[in-house]
Each structure stands twice: as C-alpha cells, then as structure tokens.
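Keep the viewer open as you read.

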Amino acid sequence: MSTMKAKVMLVDDHAMLRHGLAMLINMEPDMEVFAEAGDGAEAMEILKKNNSIDIILLDVTLKTVSGLEVIKSIHAAVPDLPVLFISMHDESVYAERALRSGALGYVMKHEPGEILLEAIREVLKGNVYLSKQMHKKLLKRMVMKSSEPEHLINTLTSSELEVLHLIGQGHNSHEISQMLCRSIKTIDTHRFNIRSKLNLKDGADLIRYATRWISQQQ
C-alpha cells in the first residue's frame, strides 16, 4: 500500500548542500524534496505557484536577506506552513530567536542525518524540535527573570544579531561583509545601530560586549 510522502522545500544558498540534503531526504519512505530555492525571493516564487509543500527547511544565513526575515514573508503568504531552520550558527545563539520568528525547530548542519530526519518528522506533526541541551537552556531562561541586557538584545533585528554574533567571534567589518555577502557600508550601518540599541559608546565597547555575550551563550 503506497503512502503519501511529505513534500519538502529546501531553501539554502549552497547548491552542494541542497544536493546532499535532497539525497538524504529522498531515501526516506515518508518524505521527498519537492522544490529547492537558493534565496528568499526564489522560495516565495515557488510558494506562489505551489500549495502542496508540507514543510520548509530554511537556512538562517542567506546571501541577500536573513532566513529570520524570509520566514516572515513565508508566514504572511502561508500562515500555517511549518518551517525548520538548518544552520551552521550556534543553536544557543539563534534557536530562541528562530522560535520567536515562527519556526518550529532548529538543527545545526553538523548534526548527523538521522537527527535532521527526526526533526523533520517532529515538525511535520506540529511539535517543536530543539536539542536536549537547548530545551534545558530555554526552560532555565523561563524560570529566571530576564536581565536588562537580554531585553536590549531583543531589540536587534535578525541581521543585526547576525553581525553581533560574528563580531563576538572576532571578525571585522570586511570579513563580515564577505561572509554575509553584504557591503561594508551595510555592515557598518548594522554596527552603528547595534551600538545605539545596546547603549555602547564606541567600537571597542561593542567588541567587548559581543565577545562577552557570545561566551554567555555557550
């Protein structure tokens, strides 16, 4: 007896990674890759033409707009469509933001294939999927009162959070612009906005804050 396979859309700007994910998923009896997109605009074009997609696997860092921004467009077009983030970025830094953006899960790209498949199946059921360690961290944050710095962090946009994360890892504006495929002017604008929102007086203060913030996420 044949069973309906869940239709998966992959949104990632690395074609080789998409190919590897597609091979993994297409070997499963209950799911198949139905569509692929290299960025948010391409993903939205596909969604306009297809209403049979069951789940989207979305990268956090795309060349044009952050996946955390793309998910807003996805849910504006298809409110109930489940989204699972896949990312090279540390779960402890991005998972909470991903859930607040409307995603149902977050998996880091270095995880084994069976973890990703488990996450897809959980999200298709409407459940939230995070690692056990991240579940513990989020529960701990819920029972502890938020400090003022966390309130300020939540005022950052998704792109600003990406830049703050990379500053904390020791990267300068030139390196960040190359990593995110955005102009140095855009990165410097993000740095200025981060300093303003976090009440930081200068670049050195920003680097100290970012480094300390990264260490607290570990």
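A compact globule of 218 residues would have a radius of gyration near 17 Å, and the chain's 18 Å agrees with that (taken over C-alpha atoms, with the globule rule being 2.2 Å times the number of residues to the power 0.38). Before going on, note that this is a predicted model, where local features need pLDDT of at least 70 and side-chain atom pairs count only at pLDDT 80 or more, while totals for chains, interfaces and linings use all residues. Residues are numbered from 1 along each chain as its sequence is written, and side-chain values use heavy atoms, with hydrogens and water left out.

The chain's secondary structure comes to eleven helices and five strands (DSSP runs numbered from the N terminus: H or I of at least four residues for helices, E of at least two for strands). Of the 218 residues, 47% count as buried, meaning under 20% relative accessible area, with exposed being over 50% and partly exposed in between (1.4 Å probe, protein chains only).

Now zoom in on helix 9, residues 173-180, whose buried residues are Ser 173, Ile 176, Ser 177 and Leu 180. Looking down the axis of helix 9, these buried residues fall within an arc of 100°, so they line one face (the arc is that of the directions from the helix axis to the C-beta atoms). The spacing makes sense: an α-helix has 3.6 residues a turn, so residues three or four places apart point the same way. What do the buried residues of helix 9 pack against? Their partners are helix 8 (158-168) and helix 10 (184-197), with contact meaning heavy atoms within 4.5 Å. Just after helix 9, Cys 181 takes a positive phi of about 55°.

Next, the charged pairs. The structure holds 13 salt bridges, each a side-chain nitrogen of Lys or Arg within 4 Å of a carboxyl oxygen of Asp or Glu. One of them joins Lys 197 to Glu 160, with the closest N and O atoms 2.8 Å apart. Lys 197 sits in helix 10 and Glu 160 in helix 8, so the pair ties together parts 37 residues apart in sequence. Glu 160 is buried at 3% relative accessibility, whereas Lys 197 is partly exposed at 29%.

Arg 182 and Glu 162 also meet in a salt bridge (3.2 Å, N to O).
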